[in-house]
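Please open the structure in your viewer and keep the selection tool at hand. This tour moves from one selection to the next and says what can be found at each stop.

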Amino acid sequence: MPEINTDRLDEKQVQLLAEMCILIDENDNRIGAETKKNCHLNENIEKGLLHRAFSVFLFNTENKLLLQQRSDAKITFPGCFTNTCCSHPLSNPGELDENDAIGVRRAAQRRLKAELGIPMEQVPPEEINYLTRIHYKAQSDGVWGEHEIDYILLVKKNVTLNPDPNEIKSYCYVSKEELEELLKKAARGEIKITPWFKIITEAFLFKWWDNLNHLNQFVEHKKIYRM
C-alpha cells in the first residue's frame with residue numbers, strides 16, 4: 001500500500017484512518033478488511049479496492065430532512081453539505097453481521113451518536129430502515145476519494161442533537177423546497193455537496209420523501225444500483 005504523509009491533517013481524523021473497513025467485491029460479498037486510510041486512497045481505488053458504507057437520511061415528524069455540513073477537518077469532502085450521516089461499518093463481529101443488514105444498521109447507530117450526538121437509545125437499529133444499495137466512485141482531491149457500495153438507510157423520528165465540531169461544521173433541517181434551493185446553490189458553485197448525496201438526491205430521494213409512511217414499496221435488498 002502507498003505511503004502518504006498525514007502530518008498536515010487533523011490529528012483526530014488521522015486517528016480514525018486506522019479503523020478497519022470491510023472490503024467487498026462488486027456484488028457486496030465480503031473479501032477481507034483494510035484500514036480506512038487505504039480504502040480512501042485514490043491509488044488503491046484505481047486498482048479496484050472497494051468497501052462497504054452507509055448513508056442515513058433522518059427525517060423529523062414534520063417530514064424535514066436533517067442535513068449536515070462536513071467539518072473542514074474531514075479528510076474527504078471537507079466543508080461539503082450532505083445527508084444526515086455517512087460512514088462505514090467496521091470489520092468487527094457486531095458490524096459484520098449481514099442478517100437483515102443488522103451490522104450496517106448498528107454502525108449507523110454508532111455514527112449517529114459519534115457525529116451528531118444522538119443518544120443511541122433514540123435510534124435503535126430496528127428503527128433504521130434499510131432500502132437499497134448504490135455502488136459509486138468519486139475523487140475528493142488528488143490523493144483521497146471514495147469507492148463504496150453504500151447502504152441507504154432512512155429514519156423518521158425526532159431526535160436530540162449534540163454535534164461533534166470535529167465532524168460537523170453546521171446542520172439544519174430542510175423541507176423539499178429548501179433542499180431544492182440548496183441544490184441550485186450547489187449547481188451555481190456557491191456551496192459544495194458530496195457526490196453520493198448528489199447521486200442519491202437526483203435518482204431517489206424525492207420519491208422516498210413523498211412516501212415516508214409507505215417505504216416498503218422501495219425496499220430492494222437484492223439490488224445494487226451502479227451509479
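The stops below follow a charged residue and then several aromatic rings in this predicted model.

Begin by selecting aspartate 150, which you will find in strand E8, the run of residues 145–156. Aspartate 150 is buried and yet has no salt bridge, since the nearest side chain of opposite charge, that of arginine 52, is 10.0 Å away, whereas a salt bridge needs the charged atoms to lie within 4 Å. What the side chain of aspartate 150 does have is a polar contact with the side chain of serine 55, at 2.7 Å. If you now show the residues that aspartate 150 touches, leaving out those up to four places away in sequence, you will find among them Tyr136 and Trp196.

Select tyrosine 136 and tryptophan 196 next: their ring centres are 6.3 Å apart and their planes stand at 45°, so the pair is tilted. Because tyrosine 136 lies in strand E7 and tryptophan 196 in helix H7, this pair ties together parts that are 60 residues apart in sequence. Both tyrosine 136 and tryptophan 196 are buried.

Then move to phenylalanine 204 and tyrosine 225, an edge-to-face pair with 4.9 Å from centre to centre and 65° between the planes. Phenylalanine 204 belongs to helix H7 and tyrosine 225 to strand E10, so here the parts tied together are 21 residues apart in sequence.

Finally, select lysine 223, whose charged end sits over the ring of tyrosine 225, 5.0 Å from its centre.

Key
Residues numbered from 1 in each chain as written. Predicted model: local features only at pLDDT ≥ 70, side-chain atom pairs only at ≥ 80, totals over all residues. Heavy atoms only, no water. Helix = DSSP H or I, 4+ residues; strand = E, 2+ residues; numbered from the N terminus. Buried < 20%, exposed > 50% of the residue type's maximum accessible area, 1.4 Å probe, protein only. Lys, Arg positive; Asp, Glu negative; His and termini not counted. Polar contact = N/O pair within 3.5 Å; in protein donor to acceptor, adjacent residues only side chain to side chain. Contact = heavy atoms within 4.5 Å. Phe/Tyr/Trp six-rings, centres within 6.5 Å; stacked < 30°, edge-to-face > 60°. Lys NZ or Arg CZ within 6 Å of the ring centre and 35° of its normal.
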